[in-house]
Amino acid sequence: MQATLRGHAHKYGKNVDTDVIIPGKYCNIIDIAELGKHAMEGLDPEYASRMKPGDVIVADSNFGCGSSREVAPIAIKGSGTSAVIAKSFARIFYRNALNIGLPIFESPEAVDAVESGDELEIEPAGGVIRNLTKNETYTAAAFPPFMQSLIDAGGLQAYVEKRLAEKA
Amino acid sequence: MPMTLTEKILARHAALDAVEPGQIINAKVDLVLANELSAAVAIGVMRQTKGADRVFDREKIALVEDHFVPAKDAQSAKIAKLMKDFAIEQNIKHFFDVGRGGIEHVVLPEEGLVAPGELIVGGDSHTCTYGAFGAFATGMGSTDIAAAFVLGEVWLKVPASIKLIYSGKPGEMVFAKDIMLKTVGTLGIDGATYRAIEYHGTTVDELSITGRITMANMAIEAGAKNGIFHADAKTIAYVKERTDRDFIVEKADPDARYEREIEIDIGSLEPQVACPHTPDNVHPISEVTRDEILVDQVFIGSCTNGYIEDLRIVAKILDGKRIDSRLRVIVNPGSQKVWMQAAEEGVLGKLAAAGCVVNTPGCGACFGGHMGTLGDGERCISTTNRNYVGRMGSPKAEVYLASPATCAVSALTGRITDPRVEAAVTA
């Protein structure tokens, strides 16, 4: 069972692309903490210094569009952000976030209701998002069964290890 | 069951008789691609994965140094070396260092590493470029690429297909880039998310291989998983010149099911421009030039428009003239082979004589890495594929996307200019 996530919301619009999540000039960095210092820099240069560990990015549709850079979700995770809630995610970002263990939630209902600064509490297992500031509760869409089974198996890396062990 | 072109290729690679949209499959890959950025992270993941000591097939992996090379700084050198050392350790057959490669998506087709009916995954979102050859090709992140390196297969959700049918003959100074900008503008940047784009129609039948590359390349700009053309005699001739590997040319069934069919008439299409700050903010040139938009930089190159055909168009427009004194023009031939051919044809000389910087092949300027980064308040018109905030450098810079012809003419006038205006070209 994944632990409850808790933090304040930082709200953004639609089509937050990977170029603003982690600008190209930082893509030669592989250190997670160093990447974290530049998370969201192209859109909100103060994000990394303003946010507190556990805080949550809340954004409109098509979050993470653009490049396949896995350092985009890595930078968000490295900043100490606990989760991203969006109306929808771009395809490659969605896979990358799950692969690196950045919790992501699709919930148009939460995105419409939450304002920047609201305190949120998320139960990852049931996709329950509680807004402690507004005293409201929202639900996130369940992961498709295949994704859920991959998550339950410990992620793609664990899946690969199992497949390699079978082949050996 | 009738299938689209994408479904046919996916079914065969999953050893299934048929697949349908939404189905999760395990598919064998014919080639796995990475550049030094995606490889650096993927190699790290592979090192942490128990039992993942060797790649599945040393001949089915392509590693191309292209983003921060020649190394911009010590950190860039470190990751370039990381990939090179891995290539040597794993005895990777298709490793391309600077001076022998160029931009990954320009290099792979040139080297005969892409053929119709194949399934290719790459650690770069523009991997969808190979759809130009009738292959299924899609971009993924580094963890997925690490899995493909060692397993030789990937899990995929079969995408529903959108059929785009183009008709009409492109007018004067209208190129594949204009057609694709119009397409992205029509679909929107999330209009094809989780979908396959299948290109059809008399207009694209007439396009050159390079034109199809330009169009397949930007499928991701509409969010698509892949963009694909049917291979024809032109495709087969191109591929057979470069490889003697067997390949299977697949065809969509006539009664295949498409989620949407969109007809796009090109006959009356003007040159198109994507204005800041999204690739779907597309307008006809006559609308854009109503205001005087001065530019500081013109960029010619990238996996979208860094091919010999593109450079020839630019050289023809700039031949014997000088670029406007207020701006700089940076040209990156897409690969070492393109660079050499452009040199041999006198193209590079014409560009240099006009006042252009001719760089070594690479991705640097396009993604704000190096070799052409924009500063605060600067404006660039570029042949590349993305114009998000900060894409080419400062978040306070602006990027307009257009064809090589529109960019070249704008280089002469110093402002965004309609390439059909004769006076501008002869100025």
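Predicted model: local features only at pLDDT ≥ 70, side-chain atom pairs only at ≥ 80, totals over all residues.
**Entry 1: getting my bearings**

I started with chain A and looked up its make-up: eight helices and seven strands. Along the principal axes, the C-alpha atoms of chain A fill a box of roughly 55 × 40 × 25 Å. Next I checked the radius of gyration, which is 16 Å for chain A. A compact globule of 168 residues would come out near 15 Å, so the chain A value agrees with that.

I then asked what share of the 168 residues of chain A counts as buried. It is 52%. For contacts in chain A between residues at least 6 apart in sequence, I noted that 67% join residues at least 24 apart.

**Entry 2: two cis peptide bonds in chain B**

Which peptide bonds did I find to be cis? One runs from Val69(B) to Pro70(B), with omega near -15°. I located Pro70(B) in the loop that lies between strand E3 (61-64) and helix H3 (74-89) of chain B.

Another cis bond runs from Pro276(B) to His277(B), and here omega is near 0°. His277(B) is in a loop too, between strand E12 (272-274) and strand E13 (282-284) of chain B.

**Entry 3: positive phi**

I looked up Asn62(A) and found phi near 60°, a positive value in a residue other than glycine. Asn62(A) belongs to the loop between strand E2 (56-59) and helix H4 (71-78) of chain A. Is Asn62(A) buried or exposed? Asn62(A) counts as buried, because it has 23 C-beta neighbours inside 10 Å, and 20 or more are needed.

In chain B I turned to Met371(B), where phi is near 60°, again a positive value in a residue other than glycine. I found Met371(B) in the loop between strand E16 (356-358) and strand E17 (379-382) of chain B. Met371(B) is buried, with 20 other C-beta atoms within 10 Å.

**Entry 4: Ile29(A)**

I moved on to Ile29(A), which sits in the loop between H1 and helix H2 (32-36) of chain A. Ile29(A) counts as buried, since it has 23 C-beta neighbours inside 10 Å.

Which residues does Ile29(A) touch, leaving out those up to four places away in sequence? I listed Glu34(A), Leu35(A) and Gln75(B). I also looked up Val71(A), which is 42 residues from Ile29(A) along the chain. The C-alpha atoms of Ile29(A) and Val71(A) are separated by 8.3 Å.

**Entry 5: where chain A touches chain B**

Now for the two chains together. I noted 38 residues of chain A in contact with 43 residues of chain B. On the chain A side, the elements giving two or more residues are helix H1 (18-21), helix H5 (91-100) and helix H8 (156-167). Which of them gives the most? H8(A) does, with seven residues. By type, I sorted this side of chain A into 17 nonpolar, twelve polar and nine charged residues.

**Entry 6: H8(A) against H5(B)**

I followed H8(A) across to helix H5 (residues 142-151) of chain B. The axes of H8(A) and H5(B) come within 10 Å and cross at roughly 5°. The two helices are therefore roughly parallel to each other; the cut-off for that word is an angle under 35 degrees.

From H8(A), the contact is made by Leu156(A), Gln157(A), Val160(A), Arg163(A) and Leu164(A). From H5(B), I wrote down Thr143(B), Asp144(B), Ala147(B), Val150(B) and Leu151(B). The residues of this contact divide into six nonpolar, two polar and two charged.

**Entry 7: H2(B) against H3(B)**

My last stop was a helix pair within chain B. Helix H2 (residues 36-48) of chain B packs with H3(B) at an angle of about 65°, and their axes are 9 Å apart. That makes H2(B) roughly perpendicular to H3(B), as the range for this runs from 65 to 115 degrees. I noted the crossing of H2(B) and H3(B) as left-handed.

Who makes the contact? On H2(B) I found Glu36(B), Leu37(B), Ala39(B), Ala40(B) and Ile43(B). On H3(B) I found Ile79(B), Ala80(B), Leu82(B), Met83(B) and Phe86(B). The residues of this contact divide into nine nonpolar, no polar and one charged.

Note on methods. Residues numbered from 1 in each chain as written. Chains lettered and ligands numbered in written order. Helix = DSSP H or I, 4+ residues; strand = E, 2+ residues; numbered from the N terminus. Rg over C-alpha atoms; globule rule 2.2 N^0.38 Å. Buried ≥ 20, exposed ≤ 12 C-beta atoms within 10 Å, placed from the backbone. Contact = placed C-beta atoms within 7 Å. Nonpolar A, V, L, I, M, F, W, Y, C, P; charged D, E, K, R; others polar. Axes fitted to C-alpha atoms, helices over the stretch in contact; angles between N-to-C directions. Parallel < 35°, antiparallel > 145°, perpendicular 65-115°, else oblique. Left-handed = near helix turned anticlockwise from the far one by under 90°.
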